[in-house]
Amino acid sequence: MNKSTKYMLAGLGAAAFGITAGMGIGGYISFLVGIKNTEKAKNKAIERSQSQDNNALNIEWFNNLNPEEISMLSEDGLQLRASFLRQPEAKQSKKTVILAHGYHHARMQMIPYSKIFYNMGYNVLMPDARSHGESEGNLIGFGWLDRRDYVRWVQRAVLLTHTDEKIVLMGISMGAATVISAAGEPDMATNLTAVIEDSSFNRLDKQFRHRLKRYYHLPSQEFEAIASALTKKEAGYSFKEANIQEQVKKVRVPIMFIHGEADRYVPIEMLDDLVEAARVPSQVYLVDQADHVQALPTNPHRYQIEVANFLEKYVD
C-alpha cells in the first residue's frame, strides 16, 4: 500500500469518525433540548404562561375564583401540582374537566380554556405536567409518561367531587397527546365520559423528526434515533413507544379532534391518522388558516360553540 493510499484511508477514517461523533453530539444535544428540563426553564414557562398566553382580565378572573391548590404523587414518586376551580355549591352539576397544557408551558396556559368549561358549569382541574411548572421532575414525558399521571388525576378529581362525577379530558399540543393516551389506558376510571384533543401529534418519533427537520434543518432520522435511545435510558420510554395513533384505538369514549389547517408544528396529516384510528364516535373541528393551537384565538366564539355542541351531545 503506497503512502497516498494510506493517507486517503486515514482521511476517510477520520471523516467517518468525525461524522459519527457529530451525530452522537447532535443526538445528545437534541435529547438535552427536547427532553431535559431545568428549574430555570420551568420558571420561565410559568411566566410565559401568564404573560403571553393570557391577558390581565384572564388572570383577574382566575384569581377571583380563589383556586384550590391540589397536589398528588405520581406512580414514580413525583409531587405533581394543580389548581382546582370548584363551581359554587348552588351550581354543582357533577361534571369536571381536567385540562392538559402544552410543551414547555404551565397550567396557567389553560386559563382561556378553563373559562369556557367553567362558564358551562364544569369544575376545572388544571395540573402542571410532570417536569413543568410547579410539578417535580426534569425529564419531559411528551404525553407518554403523563398518561399514567392523568389516570391518577381522574381518580383525584372523583375524590374532590362525587363518586359518579362525569369527567372530560381536554388538552392542547403535548397535552392533547396526553389526554388521548390516558383515555386509552385499561385502568382508566369509568367516570371518563369524553375526550377533547386540540393539535395532538400522532407519533413522537415522527413529531421529533419533523421538528428537527423543519426548525433546525438537522439530519432528523439519525438524531431522533440517538435522542430516543437516550430518552429510553434516562426516562424509561423510547419515541416509538409514544405511539398516540395506536393508543387512540383503545379509547372507549367519544373524541373531539381540533386542528388548525395551517399548523406548521404538527402537520395536519397527523390529525388524519388519529381520526382514522379512532374506534368511537368522533367530531372533527378544523380551523382555516389557524397555526398550532391557534384554533381558540382565531375564532373564540366558534370554538366555544363547537365544544359546547360536542359536550351537549356526549356528556350533558
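## Core and salt bridges

In this predicted model, Ile98 touches Leu125, Pro127, Tyr150, Trp153, Val154, Ala157, Ile167, Val168, Leu169 and Met170, leaving aside residues up to four places away in sequence. Ile98 also belongs to the largest nonpolar core, which has 60 residues, and together with Leu125, Phe142, Trp153 and Leu169 touches the most other members. Helix α5 supplies the largest share of this core, seven residues. Apart from it lies another core, of 34 residues, which includes Tyr113, Ile258, Phe310 and Leu311.

Helix α6, spanning residues 174–183, is mostly covered, with 10 of its 10 residues buried. Among the elements that cover the buried residues of α6 are β3 (95–100), α5 (146–160) and β5 (166–172).

| Salt bridge | Closest N and O atoms |
|---|---|
| Glu39 and Lys42 | 3.2 Å |
| Lys94 and Asp164 | 3.4 Å |
| Lys232 and Glu241 | 2.7 Å |

Glu39 and Lys42 both lie in helix α2, three residues apart, or about one turn of the helix, and Lys42 counts as buried because its relative accessibility is 2%, under the cut-off of 20%. Lys94 is partly exposed, at 35% relative accessible area, and Asp164 is partly exposed at 43%.

Note on methods:
Residues are numbered from 1 along each chain as its sequence is written. This is a predicted model: local features need pLDDT of at least 70, side-chain atom pairs count only at pLDDT 80 or more; totals for chains, interfaces and linings use all residues. Side-chain values use heavy atoms; hydrogens and water are left out. Buried means under 20% relative accessible area, exposed over 50%, partly exposed in between (1.4 Å probe, protein chains only). Helices (H or I, at least four residues) and strands (E, at least two) are DSSP runs, numbered from the N terminus. Contact means heavy atoms within 4.5 Å. A nonpolar core is a set of buried Ala, Val, Leu, Ile, Met, Phe, Trp, Tyr and Cys residues joined through side-chain atoms within 4.5 Å. A salt bridge is a side-chain nitrogen of Lys or Arg within 4 Å of a carboxyl oxygen of Asp or Glu.
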